[in-house]
Amino acid sequence: MNDAAIDDVSLKEKYPPGDLAIWVFIYAEFLAFGIFFLAYAFARSYNVELFNASQLHLDKRAGALNTLILITGSYFVVRAVAAIRVNQSRACVNWLLAAIFSGGLFLIVKIFEFHGEYVQGYSLSSNLFYTFYFSMTVFHFMHVILGMVILTAVMFKARRGGYSAEDHRGVETGASYWHMVDMVWIILFPLVYVIH
Amino acid sequence: MTQNTVKTFLYLRPCTWDWLLLMALTLMILMVAETGLGGRYIVGLLIVSMLVKTQIVADYFMGLKRVRLRWRLIVSGYLLVVMSMIGLAYKLSLS
């Protein structure tokens, strides 16, 4: 479908890709993270010096690397959906495996980052900045794990030939959740690591 | 580079172009982080880049561009409200 066709309202699909239930869940997750983001931004406006000084200790390169990893993972998931839409189950499985691997890589980088901060003596109770930082990043970390679990379940079903060009709602459901996890990190990284 | 190679490069899938744009914007944010730049204009630039990146993911990766407007509006509206409020909070801290 080209851009002109995409903009034609009559050709638009009635519901977003995947199960409708996952979209209720995704919107609820956006709301929860949105509250976190705004609480952080407004708390910072009352504690600018503390937040700016604490932010200097974060590993910005690790944060950026993790953004690149998650974006690439999202791209792999897009390719997995595109593959199953043309009945290429094997390619779909391979793209999903690549996405799961990128999720694992994200977790490894983040664990190293958490370890570095722990060694330097920072924890949830160090100050208000670190309370926000650890709360948001650990919360997001758990979402990456859940996303990997969902993609793994989808991958196993795809490997058994459970999806086809006609029926691939499960792949789209897992993909939508994974993109939500990616979007949250796209906001979280500049907000917490960069903007001052 | 031969003409065919150039053609092959230019005919990358649209999602591959989106991915490359997202990577480039992330590297731009990293450059800002490395230089330690701050202030009103830099904060504005970063917020706009966050908005552009998340909208690309929503429209082209999630596929909301192909869906009826109401579903897309929920995400776009959410992003606009959150980014505007973040901008407001930083404006308060800069004034």
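Modeller: Along its sequence, chain A runs α-α-α-α-α-α-α. The model is predicted, so local features need pLDDT of at least 70 and side-chain atom pairs count only at pLDDT 80 or more, while totals for chains, interfaces and linings use all residues. Residues are numbered from 1 along each chain as written, chains are lettered from A and ligands numbered from 1 in the order written, and side-chain values use heavy atoms, without hydrogens and water.

Colleague: Why is A:Ala175 called buried?

Modeller: Buried means under 20% relative accessible area, exposed over 50%, and partly exposed in between (1.4 Å probe, protein chains only). A:Ala175 has 4%, so it counts as buried. This residue lies in helix H7 (residues 169-194) of chain A.

Colleague: Which residues does A:Ala175 contact, neighbours within four places in sequence aside?

Modeller: A:Val77, A:Val81 and A:Leu151. Contact means heavy atoms within 4.5 Å.

Colleague: Why is A:Phe25 called partly exposed?

Modeller: The relative accessible area of A:Phe25 is 35%, so the residue is partly exposed. A:Phe25 sits in helix H2 (residues 20-46) of chain A. With A:Ile145, A:Leu146 and A:Val149, A:Phe25 forms a nonpolar surface patch of about 310 Å² accessible area together.

Colleague: What makes residues a patch?

Modeller: They have over 30% relative accessible area and no salt bridge; nonpolar side chains (Val, Leu, Ile, Met, Phe, Trp, Tyr) are joined within 5 Å, like charges within 9 Å. Accessible areas come from the Shrake-Rupley method with a 1.4 Å probe; for residues, only the protein chains shown count as cover. Helix H6 (residues 128-159) of chain A gives the most to the nonpolar patch, three residues.

Colleague: How do you know that A:Arg85 and A:Glu172 form a salt bridge?

Modeller: The term needs a side-chain nitrogen of Lys or Arg within 4 Å of a carboxyl oxygen of Asp or Glu. A:Arg85 and A:Glu172 meet at 2.9 Å, N to O. The pair links distant parts of the chain, helix H4 (residues 60-85) and helix H7 of chain A, 87 residues apart.

Colleague: Is A:Glu172 buried or exposed?

Modeller: At 13% relative accessibility, A:Glu172 counts as buried. A:Arg85, at 43%, counts as partly exposed.

How values were computed
Helix = DSSP H or I, 4+ residues; strand = E, 2+ residues; numbered from the N terminus.
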